[in-house]
Amino acid sequence: GVTCITFSRDGSQLLSASFDQTIRIHGLKSGKTLKEFRGHSSFVNEAQFTADGHTIISASSDGTVKVWSLKSTENMNTFKPALGSSASEITVNSIHLLPRNTEQFVVCNRTNTVSIMNMQGRSSSLSAPVRGRAETLCAAPCPLEESGSTV
């Protein structure tokens, strides 16, 4: 099954992620698969076009975030977010590009930690004190107009 979809900036293509460990780009007019990205070893939970339209980032249940070349479909980088846990593979549920700094993105996973990463794999983490089991499914960057920063 398909886990997420998103439209290209010009609205001509659809990006999908799925349980079969792939990411695909579909042409909306043709209805055909135009490109396929392979490399995750588990479900792909989310995929996003970057703002420049040249790359895709993806989040997977294999515990990784991958950066892909849109042109060649090659995996350019693979990152394991700092998760605040000793488990080797923790599902990465979602990724969200920061609106004011497109080189950075938020990574949500199955812990109480949210990571902010850049396209080179550097990260910082935010942890919420939670009793019992915690799972961060989603986050939404919120630009602050007065200061120009993002929360």
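Visitor: Which residue is the bridge partner of Val107 in β11?

Guide: In this predicted model, the bridge partner of Val107 in β11 is Ser115.

Visitor: Is strand β10 mostly covered or mostly open?

Guide: Strand β10, which spans residues 104-109, is mostly covered, with five of its six residues buried. For the chain as a whole, buried residues make up 42% of the 151 residues, while the accessible surface comes to about 8300 Å², 51% of it belonging to carbon and sulfur atoms.

Visitor: In what order do the strands of the open sheet lie, and which strands are at its edges?

Guide: Four strands form this open sheet in the order β1-β2-β3-β4, with antiparallel pairing, and the edge strands are β1 (2-7) and β4 (33-38), each of which pairs on one side only. From one strand to the next, the twist averages 20 degrees. Within the sheet, strand β3, residues 22-27, pairs with β4 over five bridges in the antiparallel sense, and Ile25 has Lys35 as its bridge partner in β4.

Visitor: How many helices and strands does the chain have?

Guide: The chain has zero helices and twelve strands, and the pattern read along the sequence is accordingly β-β-β-β-β-β-β-β-β-β-β-β. As for the separation of contacting residues, among contacts with a separation of 6 or more, 37% are between residues 24 or more positions apart.

Visitor: What is the mean pLDDT of the chain, and where is the pLDDT below 50?

Guide: The mean pLDDT of the chain is 82, and 77% of the residues reach 70 or more. Over residues 140-151, however, the pLDDT is below 50, although this stretch has 23 contacts in the model beyond near neighbours in sequence.

Definitions and conventions:
Residues numbered from 1 in each chain as written. Predicted model: local features only at pLDDT ≥ 70, side-chain atom pairs only at ≥ 80, totals over all residues. Heavy atoms only, no water. pLDDT = per-residue confidence, 0-100. Contact = heavy atoms within 4.5 Å. Buried < 20%, exposed > 50% of the residue type's maximum accessible area, 1.4 Å probe, protein only. Helix = DSSP H or I, 4+ residues; strand = E, 2+ residues; numbered from the N terminus. Pairing = 2+ DSSP bridges. Axes fitted to C-alpha atoms, helices over the stretch in contact; angles between N-to-C directions. Areas by Shrake-Rupley, 256 points an atom, 1.4 Å probe, with all protein chains shown as cover.
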